[in-house]
Amino acid sequence: MVIIKHIKDIENLARLQKSDSAVIGFVPTMGALHEGHISLIKKAKEENDLVVCSIFVNPTQFNNQNDFKKYPVTIEDDINKLEKAACDVLFLPSVEEMYPPNEQSEHFKLGELETVLEGKYRPGHFQGVCIIVNKLLQAVKPNSLYLGKKDYQQCMVIKKMMSEKENKIDLYVCETVRETDGLAMSSRNMRLNEIERQQALKIIASLNLIKDNIKEGSLASLKRQATFFLEKNGFKVDYTEIADASTLEIINEWDGKRKLVALVAAFLNEVRLIDNIIL
C-alpha cells in the first residue's frame with residue numbers, strides 16, 4: 001500500500017491512473033478503523049481497479065472541541081488493517097495540507113437537510129463535512145464513493161452536495177456493520193468502558209422498540225416511549241425520531257405507506273452515539 005500525504009501527489013497519482021483508464025474507488029474515513037470501514041474497502045476492491053482510503057480527522061465538523069481532541073487516533077493499527085484488506089493507497093494529509101492559511105471556506109446549499117436531526121443539534125457540522133469531502137473528491141478524483149449507512153443523514157447530505165456540484169461520481173451507501181450483539185460499529189465505541197459498552201445496546205433496542213410497535217396514525221407516543229426507554233437506561237437523548245427515508249422530513253402522522261427511517265442520537269456519559277434502522 002502506498003501512503004500519500006500531499007494533495008499534489010494524490011492528484012498526480014489519480015491523473016496517471018486515469019490516463020491508463022483505471023477506475024478508482026474511494027473510502028473517506030476519520031481513522032480508528034473497524035470492520036465497518038474495512039467492509040467498504042472490500043466492496044470497493046470488488047468494483048474498482050484502484051482503491052484509495054483517506055484518514056483525516058476533520059476539525060471543521062466538530063462542534064465540541066473537546067470531542068475533537070478525544071477522537072481516537074490509531075494510525076498504526078489503521079495502516080495494518082488497510083494493508084490486510086489490500087487497500088492500494090492511503091491518503092493521510094495534515095490539517096495544514098487540507099486547510100491552508102487564509103483560505104476562503106465554501107458554503108453549500110443543503111436546504112432543510114442541515115436544519116433537522118444532526119443539523120439541529122450540531123449546527124455547522126454538515127458544512128464542515130461537505131467542505132472536507134468536496135476537497136477530498138477534488139484531490140482523489142474517484143469514479144465511485146463508498147459510505148456507510150450508519151451515518152444516514154450524512155450520506156444524504158453528501159449526495160446533495162455532489163448534486164449541487166454536478167459531480168458525476170457514483171455514490172454507494174453500504175449497510176451498517178454491527179457487532180454480533182447488534183451494536184453498530186463506530187470509532188466512538190472505543191471510548192466506552194465495559195459497563196457503557198453493555199448500556200450502548202439500548203440504542204438498537206430503542207430502534208427495535210419503534211420498529212416492532214409502529215402503526216398507522218400518530219407517532220408521538222411511540223417516539224416518547226423510545227426516548228423514555230433510553231433515558232431510564234442512563235442516556236441523555238438528543239432525539240429519537242421517525243422520518244421519511246427519502247427526504248428526512250420528520251413524520252408525526254403515518255399513512256402506513258411511506259417508507260420510514262427511525263433515527264437516534266444520545267449521549268452515554270461523554271460519548272455521543274447515533275444509529276438508525278429502516279422501518
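Predicted model: local features only at pLDDT ≥ 70, side-chain atom pairs only at ≥ 80, totals over all residues.
## The six-strand sheet

Let's start with the parallel part of the fold. Six strands line up as an open sheet, and reading across it you meet β1-β4-β3-β2-β5-β6, with parallel pairing. The edge places go to β1 (2-4) and β6 (170-174); each has a single partner strand, so one side of each has no neighbour in the sheet. From one strand to the next, the twist averages 25°.

For a look at one pair inside this sheet, take β3 (residues 50-55) and β4 (residues 89-91). They pair in the parallel sense over three bridges, and S54 stands opposite F91 in β4. Helix α1 (residues 7-19) packs on this sheet, where it touches β1, β2 (24-29), β3 and β4. The direction of α1 makes about 145° with that of β4. Elsewhere, helix α8 (residues 152-164) lies across β5 (144-148) and β6, and α8 runs at about 155° to β5.

## The three-strand sheet

Now for the other sheet. This one is open too, with three strands in the order β8-β10-β11 and antiparallel pairing. Here β8 and β11 are the edge strands, each with a single partner, so one side of each is left without a neighbour in the sheet. The twist averages 10° from one strand to the next. Two helices pack on this sheet. Helix α10 touches β8, β10 and β11, and its direction makes about 30° with that of β11. Helix α11 touches β8 and β10, with its direction at about 150° to that of β8.

Strand β10 (residues 260-268) has eight of its nine residues buried, so it is largely enclosed by the rest of the structure. Eight bridges join β8 to β10, and V237 has A266 in β10 as its bridge partner. Eight bridges also join β10 to β11 (residues 271-278). β10 and β11 form a hairpin with two residues between them, and N269 in the turn has a positive phi of about 55°.

## Two helices side by side

How do α10 and α11 sit relative to each other? The axes of α10 (residues 201-213) and α11 (residues 220-232) cross at roughly 160° and come within 9 Å. The two helices are therefore roughly antiparallel to each other, and α10 passes α11 in a right-handed crossing.

On the α10 side, the residues involved are K202, I203, A205, S206, L209, I210 and N213. They meet L222, Q225, A226, F229 and L230 in α11.

## A closer look at T240

Finally, let's zoom in on a single residue. T240 sits in strand β8 (residues 236-244). Is T240 buried or exposed? Its relative accessibility is 5%, under the 20% cut-off, so T240 counts as buried.

Which residues does T240 touch, leaving aside its neighbours within four places in sequence? The contacts are K223, A226, T227, L230, L263 and V264. Two of these names come back when you look at polar atoms. The side chain of T240 makes a polar contact with the side chain of T227 at 2.4 Å, and a polar atom of the T240 side chain lies 3.3 Å from the backbone oxygen of K223.

Definitions and conventions: Residues numbered from 1 in each chain as written. Heavy atoms only, no water. Helix = DSSP H or I, 4+ residues; strand = E, 2+ residues; numbered from the N terminus. Buried < 20%, exposed > 50% of the residue type's maximum accessible area, 1.4 Å probe, protein only. Polar contact = N/O pair within 3.5 Å; in protein donor to acceptor, adjacent residues only side chain to side chain. Contact = heavy atoms within 4.5 Å. Pairing = 2+ DSSP bridges. Axes fitted to C-alpha atoms, helices over the stretch in contact; angles between N-to-C directions. Parallel < 35°, antiparallel > 145°, perpendicular 65-115°, else oblique. Left-handed = near helix turned anticlockwise from the far one by under 90°.
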